[in-house]
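Please read this note with the sequence and the model open beside you, and look up each residue as it is named.

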Amino acid sequence: MSLEQQIGALVKASENLTGAVNGKIGEIDKEVEIAKQQFEEFKVSADDRYKLRTGVKFFVGGQADKFIPVIILLPTQPISNIEIHRSILQEDSNANGHSGSSGSPGTTSIVFEALGASWGHRYGFTHLIAHYHKTQVMLADYKNDYRMSHLVIWLRGGLHYTLYHDQSNVRDNDVKVYSDEINNVAAIYSNKVTIALNGVVDTGSYGVSYPIKTEVNASIPTQYRLGVTNGL
């Protein structure tokens, strides 16, 4: 075999090898895409055994004598379990008007079960399961409006809270704070958690109003768990 023939054979062999490698890369890319799709489907359909519940800590602005609407996105199914906690007794001491006992605003645990109504797509549902507080009431009121897909809870201002939401993987950047009054509720529908420091007044099609509150709804038990009214 002449030198030219040998070089030609080597070139041909190199081309064949390159083609084979490119084909394998294409097959690998295809398998990776299939695996990614299967994993995304698994995340959507995974049952509670595979869920990792992590909390998100957030700050509710304002002062101790004000209750700020915190708006939490709800699915229309299944029922969501939502927990709000303040677990550190001395956190936020002597700040934002919180003096209390030794400067401590106290702790709280608030638990809801809820379903969003989403303007009549289903009947909304809200059940206050637990409402504990150590020193002062942190929850003034709550509402689940049929025109919304949200649970609105009024939390005492100037404090840090931690949220656990078993149907929504909420992270720090999912908590949106609005300093101005919200007058278009549609703007918050992409938010998982909205803190409305100056309230909500929507005179458009939603027609909802969630103002700042200064009084606690007297119908809400102040120390409550599963119908038992003796406190911690």
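The numbered points below go through the model, topic by topic.

1. Basis of the note. The model is a predicted one, in which local features need pLDDT of at least 70, side-chain atom pairs count only at pLDDT 80 or more, and totals for chains, interfaces and linings use all residues. Residues are numbered from 1 along each chain as its sequence is written, and side-chain values use heavy atoms, with hydrogens and water left out.

2. The main nonpolar core. A nonpolar core here is a set of buried Ala, Val, Leu, Ile, Met, Phe, Trp, Tyr and Cys residues joined through side-chain atoms within 4.5 Å, where buried means under 20% relative accessible area, exposed means over 50%, and partly exposed is what lies in between (1.4 Å probe, protein chains only). The largest such core has 26 residues, and F58, V70, I84, I153, L155 and L163 are those with the most contacts inside it. Two or more residues come from each of β1 (56-60), β2 (67-73), β3 (80-86), β4 (108-115), β7 (150-156), β8 and β10; strands such as these are DSSP runs (E, at least two residues), as helices are (H or I, at least four), and both are numbered from the N terminus. In soluble globular proteins, nonpolar side chains tend to be buried together.

3. Contact means heavy atoms within 4.5 Å, and, when residues up to four places away in sequence are not counted, F58 touches V70, I84, L155, L159, H160, Y161, T162, L163, V175 and I195.

4. Strand β10 and its partners. Two strands pair if DSSP finds at least two bridges between them. On this basis β2 and β10 run antiparallel and are joined by three bridges, with I72 standing opposite V193 of β10. The pairing of β9 with β10 is in the parallel sense and has four bridges, and here T194 in β10 is the bridge partner of K176.

5. Salt bridges. A salt bridge is a side-chain nitrogen of Lys or Arg within 4 Å of a carboxyl oxygen of Asp or Glu, and a search of the whole structure finds eight of them. How far apart along the chain are K192 and D174, and in which loops do they lie? Their side chains meet in a salt bridge (3.8 Å, N to O); K192 lies in the loop between β9 (175-178) and β10 (193-196), and D174 in the loop between β8 (159-165) and β9, so the pair ties together parts that are 18 residues apart in sequence. K192 is partly exposed at 26% relative accessible area, whereas D174 is buried at 17%. K143 and D145 also form a salt bridge (3.8 Å, N to O), in which K143 is partly exposed at 37% and D145 is buried at 5%.

6. The side chains of D141 and K213 meet in a salt bridge (3.6 Å, N to O). This pair links distant parts of the chain, 72 residues apart, with D141 in strand β6 (residues 139-143) and K213 in the loop between β12 (209-210) and β13 (224-225). D141 counts as buried at 15% relative accessibility, while K213 is partly exposed at 22%. A charge sits over a ring if NZ of Lys or CZ of Arg is within 6 Å of the ring centre and within 35 degrees of the ring normal, and the charged end of K213 sits over the ring of W154, 4.7 Å from its centre.

7. The exposed residue D172. Is D172 buried or exposed? D172 is exposed, with a relative accessible area of 59%, and its place is in the loop between β8 and β9. Leaving aside neighbours within four places in sequence, D172 is in contact with V56 and K57. The C-alpha atoms of D172 and G55 are separated by 9.5 Å, although the two residues are 117 residues apart along the chain.
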